[in-house]
Amino acid sequence: MTTEELFQVITELEPSAKQSEKTSDRPTVEVPPEALVALMQKLRDDPRLSFNMLLAHTAVDWLEERLFEMVYQLYSPQNQQYLAVLVYVPRNNPVVPTISSIWRIAEFQEREVYDLLGVLYDEHPDLRRLFLEDDWTGFPLRKSYQDDFILERPK
Amino acid sequence: MSVNITTLDERTRVTSEADSALDTEEYFVNMGPQHPATHGVLRMVLKLDGETIKEVIPVLGYIHRSIEKICEHSTYRQIVHLTDRMDYLSSIMNNWAVSLTVEKAANIELTERIEYIRTIVAELERIHSHQVAWGVMGMDLGAFTPFLYGFRDRELVTDILEETIGARLTMNYIQPGGVMFDIHPNFVKKVKEYIAYFRPKLDEYEDLMSGNPIIQQRLRDVGTMDGETALSYGATGPVLRASRVPYDLRKIEPYGVYGKADFNVAIGTAGDCWDRYYVRIEEMRQSIRIIEQLIDNIPEGKFMVKKPAVKIKVPEGRYYGHVETARGVLGVFIVSQGKDIPYRMYFRTPNFHNLWCTTAIAPGGRIGDLVAITASLDLVIPDIDR
Amino acid sequence: MGLVKKEEYAFDTMPGVDVVLTKIDYVVNWARSNSLWPLTFGTSCCAIEMLMATGGPRHDLARFGAEVTRPSPRQADLLILAGTIVKRMAPRLRTLYDQMAEPRYVIATGACTISGGPFLYHSYSTIRGADEIIPVDVYVPGCPPRPESLLHGLLTLQKLIKEGQTIRKPGVRHKPVISEIPEGVSREDITAEMVELLEHDSVVNIEETLGNLERPTGI
């Protein structure tokens, strides 16, 4: 399946999903948060696509644009096809629907993103800190994170 | 909309009361973070009914060293040495993952020689990693001899690598734009000698452990996981392949010179601990085959196309690259703004994803089975926590 | 009598009779130093080299009487710290140390347990040296150290125990602080000075050196 065909199938399945204009080395689509779960379900279950591996899920903190970029890396062993799905949420109210009902691993990847970047997941079955203690304040991978403990490397 | 943030205390509260006259009650037991069978500082809170496991709650973070934060302040060459310390048993392959992604993004052309050297040292390291996995599995299941056998043979691999690289464990060898040093003049000879030495030893491994009735009983039909569950839990590497999914990046999208080598992907049939154990034995055989085919054909050429002093700038964009390490797929996700340091770096580590399989396959079994399961998953904890 | 010759400082021999005199402390310390039971405490990379490879067939820790690794702190008296200590692990490490039976000794191996190592800067979770939490007797540098280094560290500890000089109170060793470069001095100046010193140290005037040597006598 070529990249054009892939985008064609995706827009057919979910009209709100658009090919991303961001530079990326993998085929990339952008989708609004409301349509994420529906799109992901279709990406996995549609026999033409069958993206049944969620390779990675993480987030990027764009401080200047005041956005969180949620990145989902999918792979389809059947078509040997990669796809990156991007979702943008505002930085002051970062809430994304969970996709842990589609891939079990998403539950834990999402917990990691919550722990380090403070993105909240709607309807998540067990949203709590993963690496840090439950009483840790702040989200260390945010660009605005400040901590007196951190040592700067001398110039 | 419902966002509900919980804590570990809430998760581990006893909910069920004693039922009937038998007075059985669910209770929680801590396993780790200081426990000899968890290979490090993994903590698992077990919800038990008698000795039967009801639920496994892995608690992480006892070796969370904030590598991703440090990466945001480091150049790409500095990042390479941090990856050594994630999955230290496949440090060369971790270096490769970063180098491969950076090279692809920055359009760095490599010579044939670099690709050959990289493939051979990575396969040597895969062998030594599986030797450790094999030995430690024996130790977890109560047999000390496999540990001694595994480490006896591993020392010889580290000798070969040390002669070229200068390190025994954290190699820092593969760099964006080549490898740090050319191979030692003795390298080819020693690798051939090692292969001749190790092939009969592998049969010895089988004599020692594979046929042993205790090992068979501890591993067969324990922790069975079908392919669909494994995919859903994001498992990769020997864990996924043991569940009958022939997903191996070396075969699917060959990097290095894997495309030139003839080898088979080992897969299991039932997806139990035994299959995960045996897939590793078979992978050692296949690694020997790969090395044998490549070792005589290392072409002449440069071993480094970019001098280490050159700061590599990655053009703006998002880049994802991955390699097959000894434990599964290590993915590297770079968000660059065109500088010599990344804006955001994310490591999709194999052990983080493999770990959660315990929550699916351990419930219903006994605590002893959980030891076999964690041993068969071959977890390296700093790779989970980063 | 081989022992008396080897541990000369501890024994007095009486001429004429087969009797040696010593203090009970010496004997106890000698016994302790040769039967150290390490706790299996490995957090990261160093664990492979320090606990596994050193305990393995080639390097064989058993030669020095320290191969009985115990998973329970209550049965161990030597804590070999192998790997980074992070904030979440720190209280657990302190608990483990407190649970160990007296007398207890600590060997810190690797850059991370000495100073934080490669995770010193920009890290929000790495403890900068295990001696911020527990007293450390012997430091073994390296990232990770070779098994031989640990053996050397172990022999050093044995020597310290025999001489009765181990660190038992926290805060005995003061860590070097990270200071700013004084005004008027740049990093280049420091580098140039170091290069000069290195060259100075590595160039040897053979005539002068030979002149200072004591001539062998009796030839």
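Select Phe147(B) and Phe151(B) to begin: Phe147(B) is buried, and Phe151(B) is buried too, where buried stands for under 20% relative accessible area, exposed for over 50% and partly exposed for what lies in between, with a 1.4 Å probe and protein chains only. This is a predicted model, in which local features need pLDDT of at least 70 and side-chain atom pairs count only at pLDDT 80 or more, while totals for chains, interfaces and linings use all residues; side-chain values use heavy atoms, with hydrogens and water left out. Residues are numbered from 1 along each chain as its sequence is written, and chains are lettered from A and ligands numbered from 1 in the order in which they are written.

Now show helix α6 (residues 145-165) of chain B, which holds both Phe147(B) and Phe151(B), four residues apart, or about one turn of the helix; helices (H or I, at least four residues) and strands (E, at least two) are DSSP runs, numbered from the N terminus. Over all chains there are 22 aromatic pairs. The ring centres of Phe147(B) and Phe151(B) lie 4.8 Å apart with the planes at 45°, so this pair is tilted; rings of Phe, Tyr and Trp (its six-membered ring) pair if their centres lie within 6.5 Å, and planes under 30 degrees apart count as stacked, over 60 as edge-to-face and the rest as tilted.

Next, select Trp134(B), Tyr194(B), Tyr197(B), Phe198(B) and Tyr205(B), which ring pairs link into a cluster. Staying in chain B, go to Lys251(B), which lies over the face of Phe263(B) at 4.3 Å from the ring centre, and then in chain A to Arg26(A), over the face of Tyr82(A) at 4.3 Å from the ring centre; the rule asks for NZ of Lys or CZ of Arg within 6 Å of the ring centre and within 35 degrees of the ring normal.
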